[in-house]
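Welcome, and please open your viewer.

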Amino acid sequence: MTNTRLELCNMIRMEAEHTEDTGFPLEVFPQTVQSVILDMARYENYKTEFIATAMISAVSAALGGTYRIRIKGEWQSNAALYIILVGRPGLGKTPPLEAAYRPIRKHDYALFKAYESELEVWKAAGEIGKKPVLRRTVVSDFTPESLLLTHSNNPRSVVILVDEIMGMFNSANRYTNGQLIEQLLTAWSGGALDVTRVGNTVPVHIEQPCINIVGTTQTKRVHELLTKGFEENGLLDRILFVLPKSREVSKWTDWDDGGEDRASLAAARWEQILGKVLALDYDTGEEERISHVLSMDREAKEYFFSWWNRKVERINRIEDDAEVDSREMKHPAQVARLALLMQVLRYASGESHLQSVDMVSVKAAVRLNGYFEDSYRRIRSFVAEDMCEEPPKVLLSLLPDTFDTKTAIATGKEQQNVSERTVMNYLKELCRSGLLRKAKAGHYEKVIYDKSGKSNENDNEPPAQNCNG
């Protein structure tokens, strides 16, 4: 199913555009989608990382609950993702997000026009019978109650799409007992949701919610996620982040090779691909809404289990429960969801099937998860620089890349004239901020980033988020 000529063309273009420098694994996408992304990056000045990730989110929103993936045994999941695109002002976060979701917005508009017609007929008939309801996928301004009512009207899926998403998270504290956050936590984990409508004692029940979140934020605001309880309640662990390594804004170019036409053709090809995903339906029709469940084939399952078991072996060697990275425990679900989406995207591009999830999709998902985790660690790094007090950072600068507690205490006493207790408090703060990780009892490693932003961690060895002396 692979178009060899297109594959060669994409490889040449990626090399010419220095796509590898971004760290984003564009090569794991279907060849047709790679071509669309490369055209949009060239002719629309989109960051490759932003448009590609926004497309993944759009596929998840379009797929909804029609297909699920079997992770292990009876453990199944839909493909819902919580994603935040992070970058400095003017880096171009919103345009690629809107471009990726444009076919879904057009789909929503068609549903709106149909609703208007049905409502007129209903009114003309004397408002007899069931009142038509508006079905839509994308929501931006909502309350916890209206979000679930929208989802009830469109059981397939709903996506929260918000430009500058920190405003939404900050406003979540307005609601009683963190109702919105609890809904999001429950939905991501696959739990059922209920809401009682105002003036109606009959609750709305959503047995298998499928809620996506995608939005943007500036680098100077992302620290708010770490300071307002979203780490403690587990929401942060469920969010995938995209932070481009390059902060440069692309210059506008008036291409002499038909740039406007190429951009329009790329948008049309993307609409066609996403339309094929929107055309997918439940197994036995809309009324029963029984999802198709795809299992990984034998080769894919062996790869997936081996990948996770390598992590488990390391996790099991951790003696202190506080050192276990709660975010890492979400990786199997994240990778499985990404694998399902890559399989669906390959199907919609005419490059694969929908009988199972194969190893190509699983490997692609592992690569993508690694990129998102690298973005997260780089975010933690620069947030830590802002949040960590200066004395602990000074101590860290005086220490080698790997050291033990004894060395830290001696260095603190000799170079900063501080007590053993103060040094231990410094080490705890450095660990909490993400500038340091505890390798084993009494031994530490700095989390180091080179100039490209790549950390000394990798997808198989993520950093511990917390450690105690």
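Which residues of β3 lie on one side and which on the other, and are they buried or exposed? Select β3, residues 82-87: Y82, I84 and V86 are on one side, I83, L85 and G87 are on the other, and all are buried. Buried means under 20% relative accessible area, exposed over 50%, and partly exposed in between, with a 1.4 Å probe and protein chains only.

Before going further, some ground rules. This is a predicted model, in which local features need pLDDT of at least 70 and side-chain atom pairs count only at pLDDT 80 or more, while totals for chains, interfaces and linings use all residues. Residues are numbered from 1 along each chain as its sequence is written, and side-chain values use heavy atoms, with hydrogens and water left out. Helices (H or I, at least four residues) and strands (E, at least two) are DSSP runs, numbered from the N terminus.

**Stop 1: the sheet**

Now show the five strands of the open sheet, ordered β4-β5-β8-β3-β9 with parallel pairing; two strands pair if DSSP finds at least two bridges between them. At the edges you will find β4 (138-139) and β9 (239-242), each pairing on one side only.

**Stop 2**

Select helix α3, residues 48-63, which lies across β3, β5 (158-162), β8 (211-218) and β9. It runs at about 160° to β3; axes are lines fitted to C-alpha atoms, for helices over the stretch in contact, and angles run from 0 to 180 degrees between N-to-C directions. Next, bring up helix α12 (residues 359-387), which packs on the sheet and touches β3 and β9, its direction making about 80° with that of β9. Contact here means heavy atoms within 4.5 Å.

**Stop 3: aromatic rings**

A search of the whole structure gives ten aromatic pairs. Rings of Phe, Tyr and Trp (its six-membered ring) pair if their centres lie within 6.5 Å; planes under 30 degrees apart count as stacked, over 60 as edge-to-face and the rest as tilted. F304 is buried at a relative accessible area of 4%, whereas F305 is partly exposed at 30%. Then select F24, F29, Y371 and F372, a cluster linked by ring pairs.

Two arginines also deserve a click. R327 lies over the face of Y376, at 3.8 Å from the ring centre, and R337 lies over that of W188, at 4.1 Å. The criterion is NZ of Lys or CZ of Arg within 6 Å of the ring centre and within 35 degrees of the ring normal.

**Stop 4: confidence**

Finally, colour by pLDDT, the predictor's confidence in each residue, from 0 to 100. The protein chain averages 88, and 91% of the residues score at least 70. Over residues 450-458 the pLDDT is below 50, and this stretch has 21 contacts in the model beyond near neighbours in sequence. Residues 460-469 are also below 50, with 42 such contacts.
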